[in-house]
Protein chains: 2
Amino acid sequence: MKLVCSQAELNNALQLVSRAVASRPTHPVLANVLLTADEGTGRLSLTGFDLNLGIQTSLSASVEKSGAITLPARLFGEIVAKLSSDTPVSLVFDGDREQIDLRSKGGSYQMRGMSADEFPELPLVESGTSFKVNAKALVQALRGTLFASSTDEAKQLLTGVHLSFDGMSLKAAATDGHRLAVLKMENALQNDNLINDDDSQNNSNFAVTLPSRSLREVERLISNWKTDDLITLFCDKGQVVFLAADQVVTSRTLEGVYPNYNQLIPESFSKSITLDRKTFISSLERIAVLADQHNNVVKIISDVSTENIIISVDAQDVGSGSESIPAKFEGESIQIAFNVRYILDGLKAIDSDEIKLCCNAPTTPAILLPLNSPLGFTYLVMPVQVRLES
Amino acid sequence: MKLVCSQAELNNALQLVSRAVASRPTHPVLANVLLTADEGTGRLSLTGFDLNLGIQTSLSASVEKSGAITLPARLFGEIVAKLSSDTPVSLVFDGDREQIDLRSKGGSYQMRGMSADEFPELPLVESGTSFKVNAKALVQALRGTLFASSTDEAKQLLTGVHLSFDGMSLKAAATDGHRLAVLKMENALQNDNLINDDDSQNNSNFAVTLPSRSLREVERLISNWKTDDLITLFCDKGQVVFLAADQVVTSRTLEGVYPNYNQLIPESFSKSITLDRKTFISSLERIAVLADQHNNVVKIISDVSTENIIISVDAQDVGSGSESIPAKFEGESIQIAFNVRYILDGLKAIDSDEIKLCCNAPTTPAILLPLNSPLGFTYLVMPVQVRLES
C-alpha cells in the first residue's frame, strides 16, 4: 500500500468510522480501523466495525500501490488529527511487516497494525427488502423516539427503536415500559420502493427493530448532511444497511416481536389541558431540582377557577415547592402525578409552541401531543400513583 | 429576614461563593451558604467556606427585615439559576423554623436550612502584614506557576504556590519535585505597602505559601474582573485574606519552610537552542500521542548540520516517531530526554513567540525561557535518564 491523501479528509473519515470502533473490544483487531487503498478507483476506504455497528466511508487519494491494513483507531486518529493541514499525508505499508509508515511535514511515524485478513467482514447486504428514505425525515423520526428507548440491556427489544414502513409513511416507536414515543412521518419514503425484493415480500408493509446505539450513530451521521438526500435501506438476514453517498452504516437488528404499542394508547380522554410548552418546561425544571432529591414525582392539579395548573413537589425533609401556570381546560379537572424526568424528556422532543396533555384516571396512561405541528407525534406516560390532595 | 433582590445578581453571587462550598463536607452546615441580610446597609451578603477556603460577596437588596440563615448551596443555587430573570426574587425567613420561603413569578419554594449560628466564622483578618497587589499581575503570576504545583496531598508545602513580596516586586514559584516554575513581576505591588504592620515586621521582604486550590479560585475570580484594580492582601495567624471591591477570599496558609528553589537553577549553561514555541508545541503534541502509550519520554537531539532538532519517541510495540524542527544553536550539541508532559506544560504557560531551551549534561536540570517577553519566567525541568544514541 502506498498513497498520499489530504490530512483534513483523512481526519474527517477517521473521526467518522471511529464511532463504530469498540471501546472495550472483545478481540484486539476490533480496536482497529481497516484501511483499503485501491489503485484502480483512486480511493482510500476506511471501516470501523464492532460486530454490531459498522461504519464505512472513503476519500480520494493518489494511490500508487493498492493494499490493506488495520491500525489502532485511537492512536492513528489522534496523530492524524494533530498533523498539519498544510501538507498532504503519505502512508506506506510494504506488506512484509504489519507496520505503516506515516509522513507529513517534518514528521515521520511508524505504527504497528494488524493484518487486514483478521478484520471481520462488514455485512454489506444489498438484497432483501429495501427502501429509499428521506434523510431529514429519518433524522426527525429518530430524534423524536430514541430518548424513550430503554437503557437496560436486559430489556432486549426495548433497547431499540421500532421502525415501520407502510406505503409512503415511516413510523418510529420506542418505549422503556414507563413511557412510549411514537412519531409518524408521511411521505418519508420514495414510491419506487420495490427496488429489490428477493423474497417477494410485501415491501409496502415492513417493520424492523434496530439497537438505539446504532441508530444514534445513524442520526448523528445524517444530521451533519446538508442536502435533502435519500438514504437507501437494505434489510436482510438480521442486518440493516444504510447507504448514502460514500458512507455506509450497517447494524444488526433486534430479533423478536416488538410489543403492540398501539393498543396502549387510549382511544379517548375525559380531560385535557393546553399549555405553553416552554413555560411548562421552565416550571418543571425548577420543580425537578427538588423532585430529584426525593422520588422524581411531581403532582399536577388543575385550578379551574384561576385557569391555571398547579405543579407541586414535596421533597420531604429537603423542601417543597409549587408553580402555577396558565392553562386551557377541556373536560373534568385533573389530578395526576408523574415522574418529572419522563414528562421533561417528552416536552423537549416536541418543537411546537403549545402542547396538549390528555388523561383519564390518575392511574391510566396520559399522553402529550404537540399542537399545530406537522409531525404526528404521540408521547404516552404512565402516571405515578400518589396520594393527591385536591 | 425579609428581602427582595434581583435574580441575576443573586444567581451570580451564589455561583461565586459556591466555589468555596465543600463537595464532601465534614459537617452538614459546610454544604450550605450563609445568607446575611442587613436592613441598615440594604445589602444581602453570601458566604461559602470549607474551613480552608472562604469566599464572601454581597449584593444590593430591598431588605425589609435583617436576618441570617444557611441554605443548601447546590439546591438553592440550582433553583435560583432556573428562576425567571424578569421577576425579582423574594426571600422570607421567619426565624421560628429553619426554613426559607422563596418566591418568584408563579413559583413558591420552601427550603429547609440550618441556623446561621452553626456556620463557622470566616477568618477575616485585617491585621498583620498587608500588601496592595495589582490584580492583573497577580493573575499572571498564578497562571504561570499554579500548574507546576504538586497534586499529591502527601507533599504538603509543594501542593501550594510560594509568593514572595520584595520591594515592589512579586515572585511566585511552584514545584512538584520534577519541574519548577518561577515568575517574577516587577512593579506588581503598590509602594504604600506599609499600611498596617502590627508586628513591626519588615513588609518589604515577606513570603507565604498558599494552597493551589485556594489560589485557583483567586485566579478565576480576579481574571473575570475588567478593571485594573488593586487587591489588598492581609497575612496573619496562618490566614491570608484577599480583599477587592465587595468580594473577599480567605485561605489558610501552608506552614513550613518552602524549598530554596533558587539554588536549583544552574547559573550557566554549556548549550542552548532557540525554537519557535508553537511549532515546538505542535510537534511535541503529535509525539506525545505515542509517548503517552509508553513512559512519556521524548528524546531531543540536535542535528547541527541541518540546523534542526530531532524530537523522537519509541513506544516499543506500539510504534515510533520523529519530528524535525528548525532551531538556532549556541554551544555544544544537545542530547537530552524529558517527560513530554512537563515540557508541554511549561511551553503552554509561556506566551512569547520564541523560547530558549538551555541545558548542561543529560542528567542536570534544563530550563525553558521565553524570548522577548516582559515576564520574568523561568521553567526548570529535570531530564529523564535514557540511553541516547547520537
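User: Leaving aside neighbours within four places in sequence, which residues is A:Ser169 in contact with?

Analyst: In this predicted model, A:Ser169 is in contact with A:Ser164, A:Lys184, A:Met185, A:Glu186, A:Asn187 and A:Leu189. A:Ser169 belongs to strand E12 of chain A, which covers residues 169-175.

User: Why is A:Ser169 called buried?

Analyst: The relative accessible area of A:Ser169 is 6%. The word buried applies under 20%, so A:Ser169, at 6%, is buried.

User: What makes A:Phe131 count as buried or exposed?

Analyst: A:Phe131 has a relative accessibility of 1%. Because the limit for buried is under 20%, A:Phe131 counts as buried. A:Phe131 is found in strand E10 of chain A, residues 129-134. Between the C-alpha atoms of A:Phe131 and A:Phe206 the distance in space is 9.9 Å, while in sequence the two are 75 residues apart.

User: How is A:Ser149 classed, buried or exposed, and where does A:Ser149 lie?

Analyst: A:Ser149 is in the loop of chain A between helix H3 (135-143) and strand E11 (160-166). With 6% relative accessibility set against the limit of under 20%, A:Ser149 counts as buried. Not counting residues up to four places away in sequence, A:Ser149 touches several residues, among them A:Leu158, A:Thr159, A:Asp176 and A:Arg216.

User: Why is the link between the side chains of A:Ser149 and A:Ser212 called a polar contact?

Analyst: The side chains of A:Ser149 and A:Ser212 are joined at 2.7 Å. A polar contact needs a pair of N or O atoms within 3.5 Å, one able to donate a hydrogen and the other to accept it, so the 2.7 Å pair lies within that limit.

User: What is the order of the strands in the open sheet of chain A?

Analyst: Eight strands make up the open sheet, in the order E6-E2-E3-E4-E17-E16-E15-E10, with antiparallel pairing. Strands E6 (67-72) and E10 stand at the edges; each has a single partner strand, so one side of each lacks a neighbour in the sheet. From one strand to the next, the twist averages 20 degrees.

User: How do you know that E3 and E4 of chain A pair?

Analyst: Strand E3 (residues 43-49) and strand E4 (residues 53-60) of chain A share seven bridges in the antiparallel sense.

User: What area is buried between chain B and chain A, and how many residues are in contact?

Analyst: The buried area is about 2,400 Å², with 51% of it given by carbon and sulfur atoms. In this interface, 30 residues of chain B are in contact with 30 residues of chain A. B:Tyr109, B:Arg286 and B:Val289 supply 25% of the area that chain B buries against chain A, more than any other three residues.

User: How many salt bridges and polar pairs are counted between the chains?

Analyst: Zero salt bridges are counted between chain B and chain A, whereas twelve residue pairs are in polar contact, both residues having pLDDT 80 or more.

Conventions
Residues are numbered from 1 along each chain as its sequence is written. Chains are lettered from A and ligands numbered from 1 in the order in which they are written. This is a predicted model: local features need pLDDT of at least 70, side-chain atom pairs count only at pLDDT 80 or more; totals for chains, interfaces and linings use all residues. Side-chain values use heavy atoms; hydrogens and water are left out. Helices (H or I, at least four residues) and strands (E, at least two) are DSSP runs, numbered from the N terminus. Buried means under 20% relative accessible area, exposed over 50%, partly exposed in between (1.4 Å probe, protein chains only). Contact means heavy atoms within 4.5 Å. Two strands pair if DSSP finds at least two bridges between them. Axes are lines fitted to C-alpha atoms, for helices over the stretch in contact, and angles run from 0 to 180 degrees between N-to-C directions. Buried area is the accessible area (1.4 Å probe) that two parts lose on being put together, summed over both. A salt bridge is a side-chain nitrogen of Lys or Arg within 4 Å of a carboxyl oxygen of Asp or Glu.
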